[in-house]
Structure formats: structure tokens, C-alpha cells
Amino acid sequence: MSRHLLRAARAALPAGARQLRTAVPRRRGACDFFLGTPLKEGVFPYPEITNEELKEINQFVGPVEKFFHEEVDSKKIDQDAKIPPETLRGLKNLGLFGIQIPEEYGGLGFSNTMYAYLGEIFSLDASIAVTLAAHQTIGLKGILIAGTDEQKAKYLPKLASGEHIAAFCLTETGSGNDAASIQTRAKLSEDGKYFLLNGSKVWISNGGLADIFTVFARTEIVDEDGTVKDKITAFIVERAFGGIMNGKPEDKLGIRGSNTCEVHFENTKVPVENVIGEVGGGFEVAMKILSNSRISMGSASVGIIKKLIEMTAEYACTRKQFNKKLSDFGLIQEKFALMTVKAYVIESMAYLTARMMDGPGLPDCSLEAAMVKVFSSEACWICVSEALQIFGALGYMKDYPYERYLRDSRILLIFEGTNEVLRPYIALMGMQYAGKILTERIKEFKQRKVPFILTTFLGQFQDSIGRKVDLGLVGDKGVIHPSLEESGKQLEENIYYFGQVVEGLLRRFGKTIVDEQLILKKVADIVIHLYAMTATISRASRSISIGLRNHDHEVLLTNLFCKEAFFKNNYAIAELEKYSEENMDSSIKKVARQVLEKRAYTCSYPFDRTF
Amino acid sequence: MNSMWLLAAARGTLWRAALGRDYTWLQSPGCVQAFWTGPLRGCSSGSKLTLRPGDDGDGEQIPRELVPFENMFRQAAQQGRSKATWCQVVEAFQNRDVRRREHVEFIYTALRHMVIFGVERDLDAYNCLLDVFPQGVFVPQNYIQRMFHHYPRQQLCGIQVLEQMETYGIMPDQKTRFLLLKIFGEQSHPAYKYQRIMYWFPKFKHINPYPLPDPLPRDPVDLARHSLTRIAADASARVTIYQMPLPEQEDPGIDHAQPYIVGIQSPDQQELLARHNPAQPVLVEGPFRLWLKTTCVYYYILHAELLPKEQQEEVIDLEQSFYYPLQLDLDLDRGIWDKETFDVEKVEEGPLFAMCMVGAGDQATLAKWIVGLQETNPILSQTSVIFHLRPGPQELQLAPSAAKSREEEEEEEAQARWGTREA
């Protein structure tokens, strides 16, 4: 029903605004931070959507929200470890299986922003959110971004309607991040018409439900110079091709309702025309899918936190202890402030990023998306834990949903690239970008050109005796509202000194920075904070300027967050300026090395004696 | 140090240098000059001492004064060398004379006999020995006594007891302290020595990061297991017993009908071996020596020749990590101040695939090991194995002529192709 309504409402809209973009040229984006310059373009002012789009979303959101509140029994899904068929049917009827599939293929053709907004509602039930995400952010994305028109026409309509469910088969035993662990083979038949697929994939979301699989397998490629190489190729595999078997669904900690299982392929015949992209180009396809799949995670975290704030506030304002309401205790109030700040920051970042992805020029926002993912997953975990803490023992009971939220939200830190993998990604992308630009300058420095070194040290000396950083964000010609001037200045200062630190790091480590993960982690943390500060300041500026409801509250949240982030950044920057003996990195590594050598905790018992 | 007080204290004794090897303790820092006190009447003009008839003649030079005590121990030793008999002798001495006359000489003799009776690592035995000193007599009564060495010979003897404990790594206990305080008092050299021992010994107790079981296991298979895990230094390495010794005898002197074969291999080594080019032979080499405390064991290794340079370098596949780049495309190197590694000259070696210890180091036994390894490393059945064995410990024990012929046998590089032989 609502789908048709929506179609009608959208008929007047220009189609171009909603088209899914496929080409992804590299944009500078958050890489600018690494050069010590602030993000302005596309960020200040905070991007907007048109009134029509807003109306459209609001129209669509209503029925979805209603469905989730009335017809989804999350407790039952969690207990039975299965989403009931009628719930799935309801989701299909709402059109939620084809949110980003263009309209000509029967989908809703929503932009990333709108998808993110919907993600906030899905997150009310994590199992459904994961099922939907596995279907459309990774499962069928390969066809969408790299498939041919024939492939799209053949598969997308059924996928959009939910008649077919898609799954993404990349991970194999070993490591999910390491392409070397892929052992599934696709061998071209003698007549050259199809590939024979053999191998098994593990932990495949929707593996048991799916009819269409995006499978990555090794194929033999003959290079131009005649050498034979093993390269990864992506295939669209239908269950109907035969030879596909599932393991039994995995029993998981959280997101129990989503289906995760092993998928085995045994002599599955895949026609040559089902190759996504080129033969041997699977790695690129996988990278593209993975880097664009994280948009909805930020907004999903916001959805969870918002819901938790509602539930905990209700409890804190009614429960009494020592004749006082829980809400009167400072320690409880602190938790609410924390949750609110985190929700506000994630929301600002997530929608800014989603909007940037939609924005003109089809930018590649994988760096920003990764930052949102890392920040939001960690914040969400902390918030869920704090919310459970407010409930005390009650939160620990299975009768209440809080422990389920805790279990469900744990997966956010793990899937779609663990945070430990994304942090080096964030840092290295920026380092690579900055390195290219700074190489010449650093080389001059290393060749000990006296005037150059002198100017550098003079600059640093000037900085140390109190230089006023002015990057043009605040002030008369600035883009930040004067009420946020202090936060703006803090952001500017952080960006400026971060740029210097990056240059210093490149000078010190060069390309070997790849191996310095402890440094990369600090760099990534700073950049994430810088991006979060930028997003919140920009959003709050806009809110004040146009007079949104409760914008004074937003200013409070922004200042609160920025101040905290400013100090954290300063600390991290100070650590990065030091050598590993001073910033404890070498000690950290040493501790780990000694423990890992023994593979156990090595200290003696405190009461042990030697005589 | 100060032979002055020694001279002053040695009433009616003559000093004579004794350079015998058993008195090396005298050359320790506590006593710079090697002196030995000999009684006047026992003095002989030369440095030679007349040995009593019936001495087992192991070259030990025993001052005559000590001879009666020597006899006591010798007689006790005939009854059996154990802690009990040793204690009996000490007890006998204590009961002999209420004044404990000549106790210093007795203690020196007893100390020398501790090894013979096998009590050199027994704390009780030392405490027992300290108990021989009369208590209270040597405690200084005033500051002048404390300032100068009060009863120097006795204090020196007390120090010597502690020194021998130190040599054998025996930590004194409260009883030792109690005895020392009773005998010499708090401000005496033995008490200071005790304090120093108690300062250092606890610090050194766990200084070895790779401790050995104490005592070492007697079973050769167990011993081999310990030794192999010790050399391998990889916690994931797996010890496999390819063959148990038959008959199960612990005496290493006797040849086993079926010698034991204990091997070790880590998953990394397995992987290395799987990547090895079968056209190049692998070598079994050994035996190599390994000392565990006072025990010497021998091991054999399976390795390959040094690989050419291009095979050693690992190429980073650009299409390996889905999430973050494994290398940066930058023309910048690491700065000089951030180089955390030292320039270490490394011995270039080929890959090491496995190690083993065997009951008999002959080629047939080692071949069985290779056959056992084939089960987990199928590639070994396609690779030729060269046995490059040097004469081992067993050969050295044989008669010279037999040993020589076997040596010659072994020294030839015995080539055997194991590819055809199946496990």
C-alpha cells in the first residue's frame, strides 16, 4: 500500500536526485584534515534535503515505524532465533527489500540519506536490520554497482520485491579481511560457457534464506606476458544452479534472529554472463561494496540510543531511592548527558556523510563512512552498557530487553570490517594522501637544507610562544555561528596541530608507518574526533541560524562534545609528538610480547615467596 | 686480606701453602692468600704430603690433622653413602666430646665429604653441621671484640659452610639464621654472609626465564620432550613420539632393542616444508649437543640448504587486504631516530623443518623418524633426504678401532632416497 502511495508522491520529483551512483572518483574529503586544513566544501553549511524529499521520507517512515512497533516481536525473534515468515512478508510488502534499487527495477530508489533515515527505524530490531542490510547493502550491491544492464534487469526486480533474498559470500575459514584466505575456486569449463564453482564460505548472513549469492572465488587468469595468475572474480550465483548446501544456522550471541551459516558450493555451474565486472576484477568489486556498505550503521546506532534514552528516562524519573528520584542523582544524570551527546554526534556525522554520498559529483565517502562506523559502534556499545547500568540488576534480567540490546549492539564493533581494521584504513588513507603532497617538502627537510629547516623550526617556535591559529572557520568571514565560537576555535587548533603532527610522522616513518599500528590508531582517533567536531558544529550552526526547535540544547551538546574531544585530541597529539619510549608504545608492545610468548598471564601470585 | 689476624690466632701452628685443587675456596675473595694451617708436628719440609696407606689415591692431599675425621667418614661411607650415615658421623662427633674439640677441622672435613655422601644439596645437612659449633662461646661481648675478628678461625669456618651452600645454590632458612646468631652473634662475619646470601638468592631464584624441571626427568623420552620444547621456543610446536623405547629401561647405558624417537615440529615449520621445492634435497644433520644442567643430550635436525635470495623475499600482494592497504605508495623512508632495530649480523641459514632426539643415532633410526614425519608432511615422500651425520656420543664410547670404522661409515654422506619408501 504505502509503496504505491510513495510512488505517486515521488512522480513529480526529478529522477536524477535519487539515482544510485556507481562511479566513485576519489574525493579529498576528510583527507584534508591530514594537511591541517578544515573541511568546508559540502560540510559548511550543513547539507539539506528538499522539502519534497523530507515530505516523502516522513510519509514513508510512518507505516514502517507502525509496522515495527506493532508487528515485530523482538523478544520472540531473539528467543526462537528466527524471523517469523509473516514478519518477513510484512517487510517485503513495505518494499524494504529494495530501498536503494532504482525504480525502473521495481525498487524504491532511495538516496543514501533516506536509507540512513530508515536504518534508524530498522535498528529497533537488530535481527531484521542485519537481515535487510546483508540483503541490500552487500548482498545485491555488487549487481547494482558493477553489474551489466542484463544482470540488473534479470535479478534486481525479484530482489527488490523480496521474492529473492541476496547474500554476500566472501569470508572463508581463516580471515575475513585477508583475500589470501579465499580458496573457493571457479574453473572455466572446456566449452568456455560456464564456471564450475567449488569451495565453502563461512558466517554468511542470510546464507540459509538467500536465493541469489554474490560469490568471490579464485580463477586462473593468463596475464599479458603469458604467466598464469590466481585472481579473485565475483559471480552472481543462483541457488537454482544446484550444488549449493547450507550448514546449520550458527548460534550467536546477538542478532540471533538473523540467519548466519556456512554455504558450500560443489560443482555449481555458473554461466559466464554471471560474472560481475571483469573476470579477475573481483577484488575491486569487493572493495567497492565493502567501502560503501557502512552508511546505515551510524544511523542504526542512533536509533538504538534514542530508544534507550526514552526507556531509561521513563525509569529514572519514576523509580525512587532514598526518597529521591533516580533522575536527581548526579551520576545518573551524567549517563543521560553522555547518551545524548553521543546520539547527537553520531546523528550529525551519519547524516552528513550520507548526504555527502548523495551530493553532487558522486564522491567516494568510504573514509567518512568508516569513521562513522568506528565512532558510532563504540559509542553505541558504551551507551547501551550505561543504559543497562541505570536499570541496575533489572537490566541484567532476561525479562527485560536491555540485555538483548547489549548483545545485539556488540556486533556493530565487529562486522563490516572490525574497528581494528578500519582504524588503520582511516589513518593510512589520509597518510597516503598527505604523503603524496608533502613528499617534496619532507625530502628537502631530510636533505638538511638549512633555510628550510630553519623556517620549519622558526614556525614551530612561533607556535610554541602562542600563535593564534586562524583557519577561517570562525570570525567575521567564518562559517560557524558565533555562539559556537569557542568550539570552532578548538577545532581549528586541533586541525592545525594535527596537520603538523602528520607531517612529522611522515618525516619520521615514511612508508613504514604501515607497521606502526599504535600510531595509526591515535591518528585515526584524532581524525574521527575532528570529523565529529566538524559535523556537530556545522549542524548546530545551521540549527541556530534557521531557528530549529531546541537549538540551544544542540549548542550545549556541541560545546560539551567539542571540549571533551579537544582535550582528547591534544593528549593524542602530544603523544604522537613523542618517541615510543616516552608515549609508552614500546612498553605496551613489550608487555604484549612477553605475555604472548608465554601465552598466559605471567605474574606470580601476590603472596608467592622466594624464601 | 688480613693474614695478620690469622697469624695472631694460629697459636703454635705453622703456615704452609697448599695449592691443591681442593682448596680453591681459600683463594676466594674471603681469603686472598692461599694458606692452610698445618700443625707443627705434622710439618714436612716439602710441599708433598705423605699419604696414608689405604688411601684411594685420587690425588687428594689431606693434612694429617684431619686424618682421624677422614677415617670416620671413610668408615661410614663403607656402610653406605647416604644422608643417614653422614648424619651419624656428625652426631658421633658431637657426642664424642662435650667441648667439641677440633670442631673446625671436623667441619672442614665434613664439608669436603658432603659430595661423597650426596648431601651437598641438603639444607638439613648444613644446619646439622652448623650445630656442631659450640653455641655462645664465640659471640663477641664488647665493641673491641666486635671490631676485631673474634675467633677468626671459627668465623672463617662458619663462612666456609655458608659459602659451600652458596656454591650449590642452597638457600639458608630460619634455622640457619638462628644457629648463626647463637654461635657467632649478630655482628659477625657469618651473620653478614647470611644476610648477603639472603639478599641475593631470592633475587636470583627466578632469574632464569627458561627454568628446567628440578630434578630433571630420568625417563629419556620425557627428557627429550623437555629438551625439544626448550630448543624449539615455539609454543605451538607439537612433540610427537614416533617410537617408544623397548624394553622400557631407564639406564641409558644399555642399548635398546627399539630406540625411542621423539620429534618436534611447529605449524610454521610444516608450512615451510610444504613450500619447499621437492627437487632440492633436505638434510638430516646431527648430532648437536644440548646441556641441561649437568646432563648432555643430543639432537638431530631436518633442514635445507640456504635458499636463493629471490625465494626468501615475500612479495606483498596488492590485492590481499580488503580493508586497509598493506603498503603505502610513498617515496619516504624511516627516519634515523625511529629505527628500533639494531644492526645485527645474521648468520644466513636455510629453513629448519623439524628436530628430533633418538635413542640411537644411526641412520636406520633416523630414517624411521623421516617416515613418521611423512604422515604430516606428504611432501617428504617426494623429496630426497640426505643423512649428514657426524660421530655421535655412542661412537665415542666404543673401542677406538670400532669407533673409527663406524666414524668412517658415518662420515660418508649416506644418500638414501626415501621417496619410494612408504610409511
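P215(B) lies in the loop of chain B that runs between helix α9 (189-205) and helix α10 (220-232), where helices (H or I, at least four residues) and strands (E, at least two) are DSSP runs numbered from the N terminus. A cis peptide bond with omega of about 0° joins P215(B) to D214(B). This is a predicted model, in which local features need pLDDT of at least 70 and side-chain atom pairs count only at pLDDT 80 or more, while totals for chains, interfaces and linings use all residues. Residues are numbered from 1 along each chain as its sequence is written, chains are lettered from A and ligands numbered from 1 in the order in which they are written, and side-chain values use heavy atoms, with hydrogens and water left out.

**Backbone features**

Most residues other than glycine have a negative phi, and most peptide bonds are trans. In chain A, a cis peptide bond with omega of about -10° joins F44(A) and P45(A), and P45(A) lies in the loop between α1 (2-10) and α2 (51-71) of chain A. N267(A), which is not a glycine, has a positive phi near 50°; N267(A) is found in strand β7 (residues 260-271) of chain A. With a relative accessibility of 45%, N267(A) counts as partly exposed, given that buried means under 20% relative accessible area, exposed over 50% and partly exposed in between (1.4 Å probe, protein chains only). In chain B, R100(B) also has a positive phi, of about 55°, although R100(B) is not a glycine, and it is placed in the loop between α3 and α4.

**Chain A and its annotated spans**

Chain A averages a pLDDT of 88, and 95% of its residues score at least 70; pLDDT is the predictor's confidence in each residue, from 0 to 100. Over residues 5-26 of chain A the pLDDT is below 50, and this stretch has 45 contacts in the model beyond near neighbours in sequence, a contact meaning heavy atoms within 4.5 Å. Where pLDDT is low, the predicted coordinates should not be read in detail.

| UniProt annotation | Residues of chain A | Helix and strand | Distance of end C-alpha atoms |
|---|---|---|---|
| domain: Acyl-CoA oxidase/dehydrogenase middle | 167-267 | 0% helix, 51% strand | 19 Å |

**Aromatic rings in chain B**

Chain B has 15 helices and 9 strands, and of its 423 residues 42% count as buried. Rings of Phe, Tyr and Trp (its six-membered ring) pair if their centres lie within 6.5 Å, with planes under 30 degrees apart counted as stacked, over 60 as edge-to-face and the rest as tilted. By this rule the count comes to 29 aromatic pairs over all chains. The rings of F73(B) and F117(B) are edge-to-face, because their centres are 6.0 Å apart and their planes stand at 65°. F73(B) lies in helix α2 (residues 67-79) and F117(B) in helix α4 (residues 103-117) of chain B, so the pair ties together parts that are 44 residues apart in sequence. F73(B) is buried at 0% relative accessibility, and F117(B) is buried with a relative accessible area of 3%. The rings of F93(B) and F106(B) are stacked, because their centres are 4.2 Å apart and their planes are at 5°. Both F93(B) and F106(B) are buried. Ring pairs link F69(B), F73(B), F93(B), F106(B) and F117(B) into a cluster.

Conventions. UniProt positions renumbered as here; feature names shortened; annotations may be inferred.
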